[in-house]
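Biologist: Please put the structure up, and then I will ask about it piece by piece.

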Amino acid sequence: MKLIAGLGNPGEQYAFTRHNMGWLCVDFFAVNHDFGRPQEKFHAEFWKSGDVIFLKPLTFMNSSGLAISEAVNFYKIDLNDILIIYDDMALPFGKLRMRAQGSAGGHNGLISIIGALGDLHVPRLRIGIGKAPSSMINYVLGHFDDNEREKLPKILEHAEHAIDTWLKNDIQHAMTIVNAEQNTEVN
């Protein structure tokens with residue numbers, strides 16, 4: 001069993017914000033693979049396709065660990081079989097980076113997940129949103145500007161490819177492929 005979780009915040013006011021990049025990636029994948037409507041389970045929107053679970057935690061970003069840990073514990077999922085997708089200000093807008101483990105890098109959603117699972121060895125797909133020009137909170141919770149909205153479909157296609165690559169390979173091989181192929185800023 002594998003688990004793919006896209007991080008974000010519930011509520012219409014957050015729907016197309018930079019901080020909901022993980023949710024957008026899971027939604028894009030679910031629509032393109034005809035998953036239908038999600039169930040609500042594990043404090044999340046939940047889809048199950050074969051031996052893969054897709055989650056969008058409904059707990060707000062800073063408590064994402066609750067939903068992830070409930071699903072992991074229920075299905076007895078190995079940490080190597082988890083992929084967390086989230087926004088990252090340390091990467092240029094549109095750049096993807098897959099990692100097998102590491103610190104949370106100040107991302108509160110990942111801090112919550114690492115705390116709930118008690119381990120830094122959680123694979124993740126970081127989606128670049130670029131640096132905040134001023135207030136970090138206003139930037140990450142802000143809506144995409146026109147230029148970013150124009151680039152968003154291509155970014156979501158790249159993320160979908162990265163998810164497919166991870167599903168078909170171990171994390172090390174997936175990292176090699178994704179980080180080589182997707183290692184450029186979306187123009």
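Biologist: Which residues does Arg124 touch, not counting residues up to four places away in sequence?

Modeller: This is a predicted model, and Arg124 has its place in strand 7. Leaving out residues up to four places away in sequence, the contacts of Arg124 are Leu83, Ile84, Tyr86, Arg97, Met98, Arg99, Gln101, Gly102, Ser103, Leu110 and Ile114.

Biologist: Does Arg124 count as buried or exposed?

Modeller: The cut-off for buried is under 20% relative accessible area. Arg124 has 0% relative accessibility, so the residue counts as buried.

Biologist: What separates the C-alpha atoms of Arg124 and Leu110?

Modeller: Leu110 is one of the residues that Arg124 touches. Along the chain these two are 14 residues apart, and their C-alpha atoms are separated by 9.3 Å.

Biologist: Where is Arg18, and is this residue buried or exposed?

Modeller: Arg18 sits in the loop between strand 1 and helix 1. Its contacts, not counting residues up to four places away in sequence, include Asp87, Tyr139, His143, Asp145 and Glu148. With a relative accessible area of 7%, Arg18 is therefore buried.

Biologist: Is His19 buried or exposed?

Modeller: His19 is also found in the loop between strand 1 and helix 1. Among the residues it touches, not counting those up to four places away in sequence, are Asn9, Met61, Asp87 and His107. The relative accessibility of His19 is 12%, so His19 counts as buried.

Biologist: Which residues lie nearest the centre of the largest pocket?

Modeller: The largest pocket holds about 490 Å³ of space. Strand 5, strand 7 and helix 4 are the elements that give two or more residues to its lining. The lining has 23 residues, and nearest the centre lie His19, Gly106, His107, Asn108 and Met136.

Biologist: How do the residues of that lining divide into nonpolar, polar and charged?

Modeller: His19 is one of the lining residues. The lining of the largest pocket divides into ten nonpolar, eight polar and five charged.

Biologist: How are helix 1 and helix 5 placed relative to each other, roughly parallel or roughly perpendicular?

Modeller: Helix 1 covers residues 21-32 and helix 5 covers residues 146-168; their axes come within 9 Å and cross at roughly 75 degrees. Angles of 65 to 115 degrees count as roughly perpendicular. The two helices are therefore roughly perpendicular to each other.

Biologist: How many residues of the contact of helix 1 with helix 5 are charged?

Modeller: Helix 1 brings residues including Leu24, Phe28 and Asn32, and helix 5 brings residues including Leu156, Glu157, Glu160 and Asp164. In this contact eleven residues are nonpolar and one is polar, while the number of charged ones is three.

Methods:
Residues are numbered from 1 along each chain as its sequence is written. This is a predicted model: local features need pLDDT of at least 70, side-chain atom pairs count only at pLDDT 80 or more; totals for chains, interfaces and linings use all residues. Side-chain values use heavy atoms; hydrogens and water are left out. Axes are lines fitted to C-alpha atoms, for helices over the stretch in contact, and angles run from 0 to 180 degrees between N-to-C directions. Helices (H or I, at least four residues) and strands (E, at least two) are DSSP runs, numbered from the N terminus. Angles under 35 degrees count as roughly parallel, over 145 as roughly antiparallel, 65 to 115 as roughly perpendicular and the rest as oblique. Contact means heavy atoms within 4.5 Å. Ala, Val, Leu, Ile, Met, Phe, Trp, Tyr, Cys and Pro count as nonpolar, Asp, Glu, Lys and Arg as charged, and the others, Gly among them, as polar. Buried means under 20% relative accessible area, exposed over 50%, partly exposed in between (1.4 Å probe, protein chains only). On a 1 Å grid over the protein atoms alone, a cavity is a set of points where a 1.4 Å probe fits but cannot get out, and a pocket is an open set with protein on both sides within 12 Å along at least five of seven lines; lining residues have an atom within 4 Å of a point. Grid points are joined across faces, edges and corners, and a volume is the space filled by probe spheres set on the points.
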